[in-house]
Amino acid sequence: MSEGKEIRMKGLGVSQGVAIGRAIVNVHAQKQENAMSLRTPAEEEARFLEALKNSKAQLEDLRQRLNQEGKVKEAAIFEAHSLFLDDPEVLGPIKKAIAKGYSAEGALNNVMNRCLAVFEKLGTPAAERQAADVRDITARILNNLGGGPAEVTVKGGIVVARELAPSQTADLEKQEVAALVTEYGGATSHTALMVQAMGLPAVLGVANLLTHIEDGDQMIVDGTKGEIIVDPAPETLLFYGEILAEQRKERTELKALRGVKAKTMDDKPVTLLGNIAIPEETKRHIDYGAEGIGLYRTEFLFMGKRELPSEEEQYEAYAKAVLAAEGRPVVIRTLDLGGDKFALSFGKIRESNPFLGWRAIRISLDRPELFRTQLRAIIRAANLGDVRVMFPMVATVEEFRHAKSLFLEAKRELEERGESVKEYIPCGMMVEIPAAAVMADHFARQVDFFSIGTNDLVQYTMAADRGNAKVAKLYDALHPSVLRLIAMTVAAAHNGERKIEVCCCGAAAGKPESGLLYLGLGVDSLSMPAEAQSVLKRALLKTKLSDCQTAGRKILEARDFDTYKELRAEWLARFK
Ligand code: PEP
Ligand code: MG
């Protein structure tokens, strides 16, 4: 495409690492089928039902494989696809169109296009993700109707696509793909979550990507910087070749840090904890050296299912995590649905601002039955180890009090049932709404611990959607406003009448440049994915805690933005 002149393009570096390879362009063109059929409606319906059955079987295989690999978030996506295929509101109109003489393909495209139009009109990142799911499901059924491969068939190379559907992304791991680049997709899109779990370098949201790349072009993907280079110059290739060699060396080095206890260069121990979504992940964290689970995201038990999980089902899951932690603390966060996380059992929730809407503790307080069921399961699991309960998205002291009263009610219910109940189970809250950070001194009088959720705290402080590529520049976990809120939370926790601990469990906790600065601001522990622990440990071993504290203090004291920027650059230079 380019005539020997390298082209550099920026996007969102959603999964770190570098790759060099040839472009495999997948424009995802779908074969247009004749809308009306020459077959009888009965024949068309039989074809459609057969394709539906095969699609569901494939989705079930995918779901099982991902679950076995511990990739529960990804598995939940395909479970949701499968349930979508059972939805009478989708199947009914398709069958009706077939009865009117449409081909199975024509009927499917008709109905799915109507669904897409609804999502596209909404235009929110959550709706974009749902639209991507609908396109993925449609491609799969069309394939099963004989409309060409739904999978990206590539061995090696760099997959370049307008947008990659979750099921296609899942297959990248099986094939030896070096990296992924797409034109659409945000930092918390399903595709982003999946490539991160695979450790596959990826840059998403590269504007006008496909106008600059052709199949077979040589390219470099820098997932760390969020940059791609097409037709690189020889010196660029040399430069990245060295980075690639370093990357291999680094992966070996990080492996050696698994299981090692975290401490700083000046010998100060640091508490690293793990974030989990399913109980099976606990062991992996312990093997990496985590001192417990700092965040158990329980909503994954509710996602992709039509029925709400029973108390027993929840108890079993929580008990599994607690037992696997072998006496180490496990912080179980109550349901955090809403925003971009949905449960089919809740039906369709339409809101124009879902991240500012009916989410997390707001849902739990409005649905006390559901909340107490979850709390009973958690309280029972507390008999097996060191369990702590955490409420998400608390904005007001009244909400915390209300949640605590329902917790005490759930305890009483269990006692009335004759079950033994632990006398003291700590009840903490996430600090992820600026209002909570600003009022942290009020909260600290009644809350047993804080856990700062930077994923949301940054989005609400900067008014920048955590999944929207267009505002990613504003979404800054080191912005002084965010750092001030963290410092306020720590001060309220440590200086109040009751000294309480502060953890940080957002994604920024697992990145050296932010995690270490938060430690410097006084955060007591950091909770993160297993792989991030090794990266953090390596950075800790090269840094004194006193340097983190000095950097934190100086940045907070910066009197103007330019001084802040200088100090920030100085701090970041340590992690180059
Ligand atoms: C956060 O907001 O930082 C957090 C840990 O919660 P979640 O990512 O589940 O919203
Ligand atoms: Mg959050």
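Which residue has a polar side-chain atom 3.5 Å from an oxygen atom of ligand 1? In this predicted model the residue is Arg359, and the pair makes a polar contact (N or O atoms within 3.5 Å).

A few ground rules apply: the model is predicted, so to speak, with local features needing pLDDT of at least 70, side-chain atom pairs counting only at pLDDT 80 or more, and totals for chains, interfaces and linings using all residues. Residues are numbered from 1 along each chain as written, chains are lettered from A and ligands numbered from 1 in the order written, and side-chain values use heavy atoms, leaving out hydrogens and water.

Around ligand 1 there are 15 residues (a heavy atom within 4 Å), and those that come nearest are Arg297, Arg333, Gly453, Asn455 and Arg466. By class the shell has 8 charged, 4 polar and 3 nonpolar residues, with Asp, Glu, Lys and Arg counted as charged and Gly among the polar ones. Helix H17 (454-462) and strand E10 (293-297) are the elements giving two or more residues to this shell, and H17 gives the most, with 3. Helices (at least four residues) and strands (at least two) are DSSP runs.

Ligand 1 takes up the space of the largest cavity, since a molecule sits in one if more than half of its atoms lie within 2 Å of the grid points. On a 1 Å grid over the protein atoms alone, a cavity is where a 1.4 Å probe fits but cannot get out, whereas a pocket is an open set with protein on both sides within 12 Å along at least five of seven lines; lining residues have an atom within 4 Å of a point. The count comes to 1 cavity of 30 Å³ or more, and the largest holds about 80 Å³. Among its 14 lining residues, Arg297, Arg333, Met430, Glu432 and Asn455 are closest to the centre.

The second largest pocket has a volume of about 650 Å³. Its lining has 30 residues, with Glu128, Glu183, Tyr184, Gly185 and Gly186 closest to the centre. Helix H5 (125-144) is one of the elements that line the pocket, and its 8 residues are the largest share.

Terms used
A polar contact is a pair of N or O atoms within 3.5 Å; within protein, one must be able to donate a hydrogen and the other to accept it, and residues adjacent in sequence count only if both atoms are side-chain atoms. Grid points are joined across faces, edges and corners, and a volume is the space filled by probe spheres set on the points.
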